[in-house]
Structures are given as structure tokens and as C-alpha cells.
Amino acid sequence: MEALMTWLEAQLADNSIFTLQTLGYYGEGLVTTVQLVFLSLIIGLVLAVPLAIGRGSRHRWISLPIFLYCYVFRGTPLLVQLYLIYYGVVFVEGIQETWLWVILEKPFVPALIAFTLNTAAYTTEIFRGAIKSTARGEIEAARAYGMSRGLMLRRIVLPSAFRRALPAYGNEVIFMLHASAIASVVTIMDLTGAARFVYARYYAPFDAFLFVAAIYLCLTFAILYLFRYLERRLLAHLKPASG
Amino acid sequence: MKLHKILSLGVFGAALVAGSASAEVRDIRIGVDVPYEPMEYRTPDGELTGFDIDLGNALCAEIGIQCEWVVQGWDGIIPGLQARKYDAIMSSMTINEQRREQVLFSDPYITPPSAWFAPGDVEIGTPSEETLDGLTLGVQRGTLQDNYVTDLYGDVADVNRYATADDMVLDMDSGRLDAVFLDFPIGKSTLLDSEAGDYKVVGKKITEPKEYFGEGFGIAFRQRDKELAEAFNAALATLKENGTYDEIHERYFGAD
């Protein structure tokens, strides 16, 4: 590690912008971005599964609120949602005295809430479409076996729906990574925040943003690769026979 | 015939000289980032006003040119100058070496101090690494205050960087920030004199070291517009001599 640092320092010696300090900002930004995106996707995914099932419910008092939630969060810009949750909550009278303030004071949790609600809305719609398009024959076969609704959902409908939703969900993950770039407007030092800091400090927009664009590209490649791998594994039965 | 030729050449030459003279001090556009009270802001009916605006207009009148103000966000104010969206920047810009690599500065026209501001009920001693340890501090991104706070206290305190001073004041009102570091005149008008809440200055006004606080505010021009910068320098000297400068200064900062 020591040797690596000295080597790195020597490499950066004739460079006024990318010093160890600014690379440190980029490094912390990378960690923050990955945390923010990963956590919001995981929580969003967990929320989206029951919401997608409820969205297809025959009872309007279940499906209507979920429809409204999806409509609102897909129908407004994420930036506006972030502003509302970060700056909006402070106008709630007396919120500073409640336990809520402990989690809403720092920018990370408000951003996480905004991102999670947003991605959950999109993921719900993706899953609902996949559930709806389950082949009629599969459901009839499950009924013929005497499966209960719950068992049928667990064994037949959801597994096949997840597989069908995979490519569209992969897209949502990449969109979410890119959407996270707005986190810096509420003072979070994510990757874009680090780039804006370096840009503002050295007046070097090209260097600062090209470097951060390259990091986003690498992250996107990693996500693409992961989903390609998952699709190969899980959708193997849909591929044409080898030839 | 010969005389006629010489005469017409002379007329042509005179026209050329006149043409280049007017090119030197042509009408210009000036970039400004609002609001940044009391340096530049809008009156309730939407008109631009402030120390920079009044002084800028007085300078233009002294030079004898028309100046048009162009509103531009701080993040892109130097790129905008280089992209010829306007010909000068007069927007509380501190002269420093990094900026000097990009732009040509006039003589400094004011040197304002910076200061720490905190809510009235927050107890902070003289700002230092010990007293600011663990606090959340606010600065406007990319300002010299950002550089100063980041370098001196970035390791011991959380530094939140804001795109606008308004966002920062909002976050201090809501209790998210323990203290902010601002240009003193801006902090005075947006925090002390307004009804935003109960705020106070912590410690002394700060103007040192020069590597952060620079030589004061300057008007920025493109590197090649040397005549324009000299015209503004000459006009500034005249206004300081004939008392116009003091009059404008008193309008916004009171008597010293």
C-alpha cells in the first residue's frame, strides 16, 4: 500500500488537478454513489414485489392507491421529488423536535428516500407488466394441480415474471445510477458532487467531468455484464436450441 | 491627380483611426450572478440593483459606453465570458492566481472581508480546528470561502457545499448547519439584517491569508481585451477621486 501510494504520487507529480486529494474526493464520491444506488435499488425492489401483486388486485381499494403512487412518482421529475423531500420537510412545523429530524437532518437519508420511492414506482410497473403477461396455460395448469392462489404466485407466476422482467429491470438499474447524479444538489458528495467540486476549484470542466464520465461508464459496464450473466443463466430455456 | 490621391488616402486613414478608436471602447455586456445581496440583487419590481450594478453603470457612464447586464449562474460565469456571451464579469469576483490564468482582471474595486455566521443559540468560540470539530459547516460551492474552509477545516468538520446562498440560508434556518462562512456584506444583509431568524457573527472578520482572500473584487475581462480593462481602470480612478465611488459605497455599506 505504501509503495503504491508513493508510486501514485510520482505519477501525479506534474499534474495540478488530479492530486491525491482530489482523487480522494472522487474515491469517496464513488463509495457514496454506489451506496446510494445499491441501497435504493434493494429497498425499491423489496417494496415493488408486493406493490406489483397488489397493483393487479381485483379490489380497487388495494390497486387504486398503488396506481396513484406509481402515477405520481413516474409523472414528476426525480429532481423535484428530491427537492420536496430534502427542502420541503423543513417547512413542516416543529419537525426539528421529532425523532424524524434525526434521520432527515443529513442529506443522505432524504436522498435515499426519494430515490427508493422513485425506483420502486418504476419497478412496480415493470413487474406488473411481467405478471400480467404470464402465459394463460401456466396458470390453468397450476389450477389443475389444485394449487392455492399463494402457492401458484410463489411457484409459478413470480418466478416466470421475474425472468421476463429481467432485461427491463436491468435498464432501470442503469437509469437509477445515472439519475443519482442529481444527489449533489442537496450537498451530497457523490461522484458528480466530486466532479463539480474539482471543476469549481480548478475551473477545469473537461478534466473534471470526463474523468467522472469514465467512472460512470465503468460502473455501467459492470451492471451490463452482471445482467447479461443473469439473463444467460435464467433465460437459458428461452434461447433457440444450439446450432 | 496626385494631390487628390493623397487627400483621399488621408480621409481613408482618418476613418480607419476613428474606426479603431470606437472598437476599443465599444458598448459591452456584463455578466452578473444574482442574487448576492447587497452586491447584486433585484428590487421587488424586478430591476437589477446593488453595489456592483451601480458602480458598473457609473463606470460605463464615465467611459461613455452603453452597458447591458446579462444574468448568468456562478458555476458557468467564466466559461460564459470565454464563450462571448458577455464581455466582462462584475459579480463580486475575487482576484486570484487560478482565475488570472483564465481571465484578465481590472484593478480591485472593493476588498470585502469574509466572516463566520451562526444561529444565535449556537455557542462557538473563536473559529479554530478545536472549536469547529465535528460541526456541519456551509459554504457556496466553488467560492474562495469553499477553498478556505475545505483546506483549513475539511478534515475535522462536515463541509456542505451549496449551489446558491439561498439554499444555504434555508438549511441553516432549518437547523441543518451549525455555521456558514460567507462574504461579510452578503452575510450581513441576508442573515443579520433580514428577518430570516436570529443570527450572529462568530469571531473577527477574516481577510487573510492572501492566497485565499486575494486582492479584492475585480472586473474580469477576456485576456486579449487589454484596452477595455485599461478604460475601466482609468474610470475607476476618476470615480474614486471625484467622490462618486464613496457615494455608491455609502449607499450599500453605510458610512465606515
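What pattern does chain A follow when read along the sequence? The answer is α-α-α-α-α-α-α-α-α-α. This is a predicted model.

**Chain A**

The secondary structure of chain A comes to 10 helices and zero strands. Its radius of gyration is 22 Å, well over the 18 Å that the globule rule gives for 243 residues, so chain A is more spread out than a compact globule. Along the principal axes, its C-alpha atoms fill a box of roughly 75 × 65 × 30 Å. Of the 243 residues in chain A, 30% are buried. Now take the contacts in chain A between residues at least 6 apart in sequence: 75% of them join residues at least 24 apart.

**The sheet of chain B**

Chain B holds an open sheet of five strands. Their order is E9-E8-E10-E7-E11, and the pairing is mixed. Strands E9 and E11 of chain B stand at the edges with a single partner strand each, so one side of each has no neighbour in the sheet. On average, neighbouring strands of this sheet are turned by 25° against each other, direction ignored.

The strands span these residues:

| Strand | Residues |
|---|---|
| E7 (chain B) | residues 114-119 |
| E8 (chain B) | residues 136-140 |
| E9 (chain B) | residues 158-162 |
| E10 (chain B) | residues 179-183 |
| E11 (chain B) | residues 199-206 |

Strands of a sheet pair through backbone hydrogen bonds, either parallel or antiparallel. E7(B) and E11(B) pair in the antiparallel sense, over five bridges. B:Trp116 stands opposite B:Val202 in E11(B).

Helix H6 of chain B, residues 165-173, lies across E7, E8, E9 and E10 of chain B. Helix H6(B) runs at about 160° to E8(B).

Definitions and conventions. Residues are numbered from 1 along each chain as its sequence is written. Chains are lettered from A and ligands numbered from 1 in the order in which they are written. This is a predicted model: local features need pLDDT of at least 70, side-chain atom pairs count only at pLDDT 80 or more; totals for chains, interfaces and linings use all residues. Helices (H or I, at least four residues) and strands (E, at least two) are DSSP runs, numbered from the N terminus. The radius of gyration is taken over C-alpha atoms; the globule rule is 2.2 Å times the number of residues to the power 0.38. A residue is buried if 20 or more other C-beta atoms lie within 10 Å of its own, exposed if 12 or fewer, and partly exposed in between; C-beta atoms are placed from the backbone. Two residues are in contact if their C-beta atoms, placed from the backbone, lie within 7 Å. Two strands pair if DSSP finds at least two bridges between them. Axes are lines fitted to C-alpha atoms, for helices over the stretch in contact, and angles run from 0 to 180 degrees between N-to-C directions.
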